[in-house]
Amino acid sequence: MSSRIVHWFRFSSPATFYPLAGKLIPWFTAAAVVLIAVGLYMSFFVAPTDYKQGEGYRIIFVHVPAAWMSMFIYLVMAAWSAIGLVFNTRLSAMMARALAPTGAMFTFLALWTGAFWGKPMWGTWWVWDARLTSELILFFLYIGFIALTSAIDDARRADRAGAILALVGVVNIPIIYYSVKWWNTLHQGATIRIGEESSMGTTMLITMLIMAVGFWMYSIAVALSRVRSVILERERNATWVAEAIKAEAR
Amino acid sequence: MNSIAEFFDMGGYALYVWGSFGVTALLMALEPVLLRKRRADILKRLDRMARMNVGRSE
C-alpha cells in the first residue's frame with residue numbers, strides 16, 4: 001500500500017518534476033503550433049460564411065476557445081490549490097501560480113474578442129449583463145490571486161493565502177457557465193451543450209474544437225515552462241538545481 | 001472570397017475580426033517570449049550564485 005503512495009507522490013517533488021516538464025514542453029508546443037495553424041486555416045478558408053452574421057461570426061473561433069480556457073484553467077488552478085492545502089505539497093502551489101497569468105490572459109482575450117464581437121452584432125462594446133460581468137469578475141480573481149501571492153514574502157504563506165482565494169473564487173465558474181440560462185442576457189446561449197445537439201454547423205464546430213484543443217496544448221506548454229522558472233526561483237538553494245541545469249546544458 | 005482585398009475586408013467586419021484575431025495572436029506570441037526571458041534571467045542569477053559559492057569555498 002505504502003509503496004503505491006510513495007510512487008504517486010514522487011512527481012510532487014520539484015526535483016523530479018522539473019526535468020519531466022522540460023521533456024514534455026516541446027511536444028505540447030508542437031501540438032499547439034500544428035493545431036492552431038490548421039485551426040486558423042479552417043477559420044478563414046474552410047468554414048463557410050454565416051447566413052446571419054456574414055464574415056463577422058469568425059470571431060467565434062478565438063472567442064469561444066479563449067473563454068473555455070479562461071474557465072478551465074481556473075478550475076485546474078483551484079484543483080492544484082486544494083491538493084496543495086490538503087497534502088501540503090510544494091509543487092501544487094507552484095503549478096497554481098504558473099497557471100494564473102495564462103488564465104488571466106485568456107480571460108482578457110475572452111472579454112476583448114467578446115467586445116469586438118458585441119460591437120457589430122449588438123451595437124455595443126460592453127453591457128453589464130450576467131455573462132459579461134461574471135467573466136470580468138473571473139479576470140479580477142486571477143489578478144487578485146497574482147497580486148496576493150506576490151505580495152506575501154513568505155512563500156508557503158503566500159501559497160496558502162492564494163489557495164484559499166482560488167478556492168473561494170471557484171464558485172464564480174458555474175455562475176459564468178450557467179449565467180446565460182439563469183438570467184436574461186444579451187449573450188447567446190451555450191454553443192455546445194452536454195447531451196444535446198450542437199447549435200452550429202459541423203465544419204464550424206470542428207474548426208472551433210481544433211482551435212480549442214490548440215489553445216489547450218498552448219496553455220499546458222506555457223504553464224509547464226513557467227512552473228520550471230518558478231521551481232528554479234524557489235529552489236535556487238537546493239543542491240539538485242545546479243545538477244539539473246548542468247544535465248540539461250549537456 | 002475572390003481577391004485579397006476582399007479577404008481582408010471580411011465582409012465589412014475587418015476591424016472586428018482582425019481586432020480579435022490580432023490581439024489574440026499578439027498576446028499568445030508575447031507570452032512565450034516573456035517566459036523565455038524569465039528563464040534566461042533566473043539561469044543567469046543561478047550562474048552568478050554558483051560562481052560566488054565557488055569563490056567562497058576556495
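**Exercise 1. Where chains A and B meet**

Task: Find how many residues of chain A are in contact with how many of chain B, and which elements of chain A give two or more residues to that side.

Solution. Step 1: Count two residues as in contact if their C-beta atoms, placed from the backbone, lie within 7 Å. With that rule, 29 residues of chain A are in contact with 22 residues of chain B.

Step 1: Look at the elements. Helices are DSSP runs of H or I with at least four residues, strands are runs of E with at least two, and both are numbered from the N terminus. On the side of chain A that touches chain B, two or more residues come from each of α3 (60–87), α4 (90–122), α8 (202–234) and α9 (239–249) of chain A. The largest share, nine residues, belongs to α4(A).

Step 2: Sort by class. Ala, Val, Leu, Ile, Met, Phe, Trp, Tyr, Cys and Pro count as nonpolar, Asp, Glu, Lys and Arg as charged, and the others, Gly among them, as polar. This side of chain A has 15 nonpolar, seven polar and seven charged residues.

A word on the model and its labels: this is a predicted model, in which local features need pLDDT of at least 70 and side-chain atom pairs count only at pLDDT 80 or more, while totals for chains, interfaces and linings use all residues. Residues are numbered from 1 along each chain as its sequence is written, and chains are lettered from A and ligands numbered from 1 in the order in which they are written.

**Exercise 2. The make-up of chain A**

Task: Say how many helices and strands chain A has, and what share of its residues count as buried.

Solution. Step 1: Chain A has nine helices and zero strands. Its C-alpha atoms fill a box of roughly 60 × 40 × 35 Å along the principal axes.

Step 1: Apply the burial rule: a residue is buried if 20 or more other C-beta atoms, placed from the backbone, lie within 10 Å of its own, exposed if 12 or fewer, and partly exposed in between. Of the 250 residues of chain A, 40% count as buried.

Step 2: Consider sequence separation. Among contacts in chain A with a separation of 6 or more, 78% join residues 24 or more positions apart.

**Exercise 3. The largest nonpolar core**

Task: Find the residues with the most contacts inside the largest nonpolar core.

Solution. Step 1: A nonpolar core is a set of buried Ala, Val, Leu, Ile, Met, Phe, Trp, Tyr and Cys residues joined through C-beta atoms within 7 Å. The largest one has 73 residues, and Met77(A), Ala96(A) and Val227(A) have the most contacts inside it. Among the elements supplying at least two residues each are α5 (130–151) of chain A and α2 (14–57) of chain B.

Step 1: Follow Met77(A). Beyond its neighbours within four places in sequence, Met77(A) is in contact with Ala96(A), Leu99(A), Ala100(A), Gly103(A) and Ala166(A).

**Exercise 4. Residues in loops**

Task: Decide whether Asn88(A) and Met10(B) count as buried or partly exposed.

Solution. Step 1: Asn88(A) sits in the loop between α3 and α4 of chain A. It has 13 C-beta neighbours inside 10 Å and so counts as partly exposed. Its phi is near 60 degrees, a positive value in a residue other than glycine.

Step 1: Met10(B) lies in the loop between α1 (4–9) and α2 of chain B. With 21 C-beta neighbours inside 10 Å, Met10(B) counts as buried. Phi of Met10(B) is near 50 degrees, also positive.
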